[in-house]
Amino acid sequence: MKLYLQFAFGLALAFLPGMAAAGAAPETAGSVLAKVNKLPAEQRQKTLVEKAKAEGEVAFYSSLQAQQIEPFVQDFRKKYPFIKVNTYRVSGNKQVLKIQAELNAGRNLFDVTNGSAEQAFAMRQIGALDPYDSPQRAFYPGENKEGHFSSLYIIPLVLGYNTNLLKAADAPKSYEALLEPKCKGQLFLDNEAYEWLAVMEKHLGREKALAYMKNIAKQDLRLTRGRTAQTQLIVAGERPIGIVLSGHTVLDLRASGAPINLATLDPYFAQANKLMLARHAPHPHAAQLFIDWALSAEAQSIITSFGRVVARKGVKQRFPELMEKDPFLVDVDFLGPILDRVGKEFTQIFLKN
């Protein structure tokens, strides 16, 4: 759907002749690690540690917020002080383009990355990723793990409202309520809320969902990029309601005393943020140790300290109310195949009026 994905495919095709001329490709990270993962647990861990010591470092490209990356990896450094962790903050289309450019140039610089389902799908499509296994996956529900992906965290999406401008009793309790005349001129919506349209199509059927979107587009929406930015504007009183906001951001601001609260509407859904292994990881054994650690209860507890929601069973959530009702997970295999279509539909309805 997005131009960056089309551009990435173009770069990949341009590079293919060079790859063929170079002869047989080296063994990928996934195939290297598949052998290690067949070993008994104790021998597997010993082998990973020994080989990771020889590698000496691991490169982690992360979409975590800049102020969260360092606290996240500090604990890994304490556990494995012989591994230097090189972090680089990158997200969205820049993440895909950076990794594709490196791939095409034959510069294999990253070992592990994390990103949204949208970015994960694009990176798998361009051949930047390899499947991996981890004993930590046993602690994750089925929809949060697949050959190439595990959920580093999830982002439940909610309706948020300014409590100074709107009483709880008057807050919309359904998406249909947003079509009422009193909501006109009162709503924020992200200008790339493609996941919302995809989920509504699944819930209502495509015809009804598109009719709903055309009707809500008449409500004088303020389209703003970024859920955090919208939430801050709601707190500032710019408009009272945000249709699709990050639940943990709303609750984090509420905990700090900001005049904001949330409502969970049906269909209730969450974005998946995936942990991925580079197909040509230069430090595959250190990468496997990092992945095992990142999916552990220890590391997932650090993620929750940021206010984020994790899928791992048994980890205490900072905001458990976001998981009182199971959200539908907007995962790679759900969103990826329909992203181009729903993106075009969303743009046609909301951005070309």
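Reader: What volume does the largest cavity have?
Author: Keep in mind that this is a predicted model. Rolling a probe the size of a water molecule over the atoms shows where empty space is left. The count of cavities of 30 Å³ or more comes to one. The largest cavity has a volume of about 90 Å³.

Reader: Which helix gives the most to the lining of the largest cavity?
Author: The lining includes Ile99, Glu102 and Leu103, and also Ala278. Its residues divide into seven nonpolar, two polar and three charged. With three residues, the element that gives the most to this lining is helix α5 (residues 92-104).

Reader: Is strand β11 buried or exposed?
Author: In a regular strand the side chains alternate between the two faces of the sheet. In β11, Phe269 and Leu277 are among the buried residues on one side, with Ala270 and Ala278 among those on the other. Since 10 of the 10 residues in β11 (residues 269-278) are under the 20% cut-off, the strand is largely enclosed by the rest of the structure, so the word is buried.

Reader: Which strand pairs with β11 in the parallel sense?
Author: Let's go through the partners. Strand β3 (residues 112-116) pairs with β11 in the antiparallel sense over five bridges, and strand β6 (residues 149-162) runs antiparallel to β11 with seven bridges. Strand β4 (residues 129-130) is joined to β11 by two bridges, also antiparallel. Phe269 stands opposite Phe328, and the parallel pairing, over three bridges, is with strand β12.

Terms used
Residues numbered from 1 in each chain as written. Predicted model: local features only at pLDDT ≥ 70, side-chain atom pairs only at ≥ 80, totals over all residues. Heavy atoms only, no water. 1 Å grid on protein atoms, 1.4 Å probe; cavity = no way out; pocket = protein on both sides within 12 Å on 5 of 7 lines; lining within 4 Å. Points joined across faces, edges and corners; volume = space filled by probe spheres on them. Helix = DSSP H or I, 4+ residues; strand = E, 2+ residues; numbered from the N terminus. Nonpolar A, V, L, I, M, F, W, Y, C, P; charged D, E, K, R; others polar. Buried < 20%, exposed > 50% of the residue type's maximum accessible area, 1.4 Å probe, protein only. Pairing = 2+ DSSP bridges.
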